[in-house]
Amino acid sequence: MSEEEAYEFVKGTLKKERITPYTEDEIPVINSVSACINCGLCINHCPVVAAVGVDVFSGPRSIAVELSRSPPEYWATADKVYLCTGCGTCREVCPKNVDIPEVVNIVRRRIFEHRPDLVPKGLHAVRETLRTHNLAFEPWADIKEKNESREMRLERLELPLVPDRHVSDAEVLFYPGCQAEERSQEVREAAKIILDHFGVNYTLLEDMTCCGLPARLIGDDATARSLTEKLKRDVLATGVRKVLTTCAGCTGNLSHISERDHWDIPTQHLLEFLVEDVGMERLAESLGKGTKHEDVTVTVHDPCHLTRHASRHIMDYALEILSLIPGVRVSASALHDSCCGGGGMVSYHSSEVANAVVSENLVAIDATGAERLVTPCPLCTAQIESNLFKAGSSVEVDDLIVFIAQMLPKE
Amino acid sequence: MHMETEVLVIGGGLAGLVAGTRAAEAGHRVLLVQKGHGATAYSSGAFDVIGYLPDALEPVANPVEGLSVLAQVYPLHPYSIAGFPVDVESGGESAVVLALVSETVEWLKDRLDKTPAALSGGLDSNLVAMTVLGTTKPTCLLQKSMVSIPEMEGEEDGVLLFAGVRGYADFAPGAAAKVFLRDRMMNKKYPQKIAHCQVRVSPSGTDYNISGVEIARHLDHPGSIDSLAKELAVYIDQFGATDVALPPVLGIQNAISNKEALEERLGVRVFELLGLPPSVPGLRLQNSLEQMYLESGGALLRGHEVVSYTMEGDRLISVQTKGPSREIQISAQAFVLATGKFIGGGLSGDKDGVREIVFDLMSVTGEFVSAEEASPSRSTSKLAVSPLGQPVLSNGVSVDSFLRPVKRNGLEWTTNLFSAGSIIAGYNYATEKSGLGVAATTGYTAALRVTEYLKEVAQNE
């Protein structure tokens, strides 16, 4: 047997041994683990550990060092690895830059491939939806009902309806993401109102496709890649020079994959676009002469996918924009940047863990004395809103984009 | 993406946060870039200033004495350099250095006073801190919840109770009691009546596999200290304890008030032991310093690290930072490098030598020999824990009298880059027990130098 034949033979046995070789973009992540000094600093900061303890969720360090086991044994981590919300706090505080949230994805990918029976059932259900509809949520069966729901939401928020815009020479693409497309439709509408107000030449996609983040988090790499490939084709066909989103998860994920897959156009959260492209002067002018409204104290929640998967400075933008609105006072929560529990697909199979994570935040939110919580992510909005409601809190919750749209002058 | 500030501090440990706070208090616009958490977050809760002189095996009597000798005998020690901005008359060095360290310590104590990491102690005497291993060490300041009681040493009838938490593996009260008793007998000190026990604190309902941070968070919640008091009362009664030593888990926010609540309810003296890193007191210190900095008006950019820089003539004009998926260019007029050593990420070492990460500055050993091509293993002692320590910990950059890193010719690398903390070479914080003291003093001084520099620039324009 020649050396080459031997190599091919060994490669052929990997499947039987339940080993998937690391892909090129996984290698740097795997290498980062070798820098781990096993100090455990990350455990002190992990919001899941804080909520349920190391006995239920053994924490980021243990996930990082699982890699020292042989790959066929990845399945042995299945009772822990699905409890990570992917907030990225461990990676941020790590003195050695170990990319623990990506290790989670790498391990989940192997479990999905070799032991799909150990993947929580709730995640298989999401996967079915993704594969059938290219969306993370089952789309509305009746478009009329979808439109009615949208109108009800707009009416409640006193927002006008701006028609969808599909043009061929647009500068930017507005990508609402699955949550705003199918569920929190008011976020999608609010973004259109804002873009329209500032005269931005934007377009929407004819056919919404999920950014692939849920599939990545489930560990289904094939589905994640087929979604992002379709999305890449559709986005590049529009000829835009930039993608704008209102979802923190989409922002983080699209920033990551557009670089990985060489899209050659950047993805930004709408907040970044407003501050960097529209500019503070125009924002100040529009928000300063906005609709008369009562004074309001708000508190802000920082979505992990913006702060720890894109960049912390985006939330500084959020505060700068809020400071332009007359009558709005910000009261900071002590846990403003602590995970809401809505990430990592945890709520799809272990809602008790997801809700335990957010429960600490609820106490801190109540302590701010704010009447309203705003956050630039429809997923955080939904998670915090439902938990505040269940806890009997009087604090109302709005997506920050909706809040900004409400503060613009009515034309 | 571009940002602009007057002073940019690179590094968010104690040195950087002190430099940033002090500069902001002087009226400068400050931005601090912090990648993650470094050595400060590993701190045990003890704030060392100077415990041993370099190469000495006996501790100094107190920091005042230690600093006085240091200023006379070790002119290249960071304490000495920080203290000598201007010509000091021969013989006056000690007074200058003492005054500077004293000013720094008083300033920091004041700024941390309302935080969970409030400090107790002063330069006139070193405190004896007790650890979870039952050993003791000299330190200058301690977090208020961690001060063990000096009176204890003189009380023949005192009974010290080491109380562990069932299921919390980082503290074995039985072993600590044994080690501590042996030390007391050998040194003929009190208390010599030592007991130990395990109490139940169950943050998630179980009494196994519990981490310190869980207990601390649990004890922050209102009411949970009462059940700990009830548990302790049984053993205090049984042993007639006068003092109780707990692991450092009394709270992230409320450790001090929890200590006071326990003392009031139980009629004994209570304190936390120093823990192994990364401990809850380290978390309290890091959080408190960040709070101090933000309250001074400084801006904080977390999760970014500096990846490149731009010079114009002999001045540094901007750096490029990288976050998870965004890059930002930051221009400033003055810069402070406070990136730490090997843990903080300011230095890296491999077989080819020791490298300063951000600007590729000249690195030197503790003896001020170039470390750029010296393998760190040559400055590493084979004995992991030795009284002489690991010489590699004295590596860093060499600085001029303005704390500016220097080139091979001894002149500053650039006019507007100052440095603070353990990136500075020439002292071994681990053997000297001087880590946080040097970090605070050089951070404080770097801010003063920045102010002087900016004033000079403004006058010349």
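# Questions about a predicted two-chain model

Reader: Is B:Leu403 buried or exposed?
Author: In this predicted model, B:Leu403 sits in the loop between strand S21 (396–397) and strand S22 (417–419) of chain B. Its relative accessibility is 0%, and the cut-off for a buried residue is under 20%. Because its value is 0%, B:Leu403 counts as buried.

Reader: What is the phi of B:Leu403?
Author: B:Leu403 is not a glycine, and yet its phi is positive. The value is about 65°.

Reader: Where is A:Arg18, whose phi is also given, and what is its relative accessible area?
Author: A:Arg18 is a residue other than glycine with a positive phi, near 60°. The loop between H1 and helix H2 (27–33) of chain A is where A:Arg18 is placed. A:Arg18 counts as partly exposed because its relative accessible area is 38%.

Reader: How many Å does helix H21 of chain A reach from its first C-alpha to its last?
Author: Helix H21 covers residues 378–390 of chain A, which makes 13 residues. At 1.5 Å a residue the expected reach is 18 Å, and the reach in the model is close to that, namely 18 Å.

Reader: Which residue with a positive phi follows H21(A)?
Author: The phi of this residue is near 75°. The residue that follows the helix is A:Gly392.

Reader: How many Å² do chain A and chain B bury between them?
Author: The size of an interface is often given as the accessible area lost when the parts come together. Here the contact takes 39 residues from chain A and 33 residues from chain B. Carbon and sulfur atoms account for 51% of the buried area, which is about 2,600 Å².

Reader: Which side chains meet in the salt bridge between chain A and chain B?
Author: Side chains of opposite charge can pair when their charged atoms come close. The count over all chains comes to 53 salt bridges, while the count between chain A and chain B is one. At 2.7 Å from N to O, that salt bridge is made by the side chains of A:Glu272 and B:Arg326.

Reader: How many residues apart are B:Asp48 and B:Lys137?
Author: The side chains of B:Asp48 and B:Lys137 meet in a salt bridge, with 2.9 Å from N to O. This pair links distant parts of the chain, since B:Asp48 lies in the loop between strand S4 (46–47) and helix H2 (63–73) of chain B, whereas B:Lys137 lies in strand S7 (residues 136–139), and their separation is 89 residues.

Reader: Are B:Asp360 and B:Arg355, which form a salt bridge, buried or partly exposed?
Author: The closest N and O atoms of this pair are 3.4 Å apart. B:Asp360 counts as partly exposed because its relative accessibility is 46%. B:Arg355, at 40% relative accessibility, likewise counts as partly exposed.

Reader: What is omega for the cis peptide bond that joins B:Tyr190 and B:Pro191?
Author: B:Pro191 has its place in the loop between helix H5 (173–187) and strand S10 (193–199) of chain B. The bond that joins B:Tyr190 to B:Pro191 is cis, and its omega is about -5°.

Reader: Which residues does the cis peptide bond with omega of about -10° join?
Author: One of the two lies in the loop between strand S12 (269–272) and helix H9 (280–295) of chain B, and this is B:Pro278. The residues joined by the bond are B:Pro277 and B:Pro278.

Terms used
Residues are numbered from 1 along each chain as its sequence is written. Chains are lettered from A and ligands numbered from 1 in the order in which they are written. This is a predicted model: local features need pLDDT of at least 70, side-chain atom pairs count only at pLDDT 80 or more; totals for chains, interfaces and linings use all residues. Side-chain values use heavy atoms; hydrogens and water are left out. Helices (H or I, at least four residues) and strands (E, at least two) are DSSP runs, numbered from the N terminus. The expected span of a helix is 1.5 Å times one less than its number of residues. Contact means heavy atoms within 4.5 Å. Buried area is the accessible area (1.4 Å probe) that two parts lose on being put together, summed over both. A salt bridge is a side-chain nitrogen of Lys or Arg within 4 Å of a carboxyl oxygen of Asp or Glu. Buried means under 20% relative accessible area, exposed over 50%, partly exposed in between (1.4 Å probe, protein chains only).
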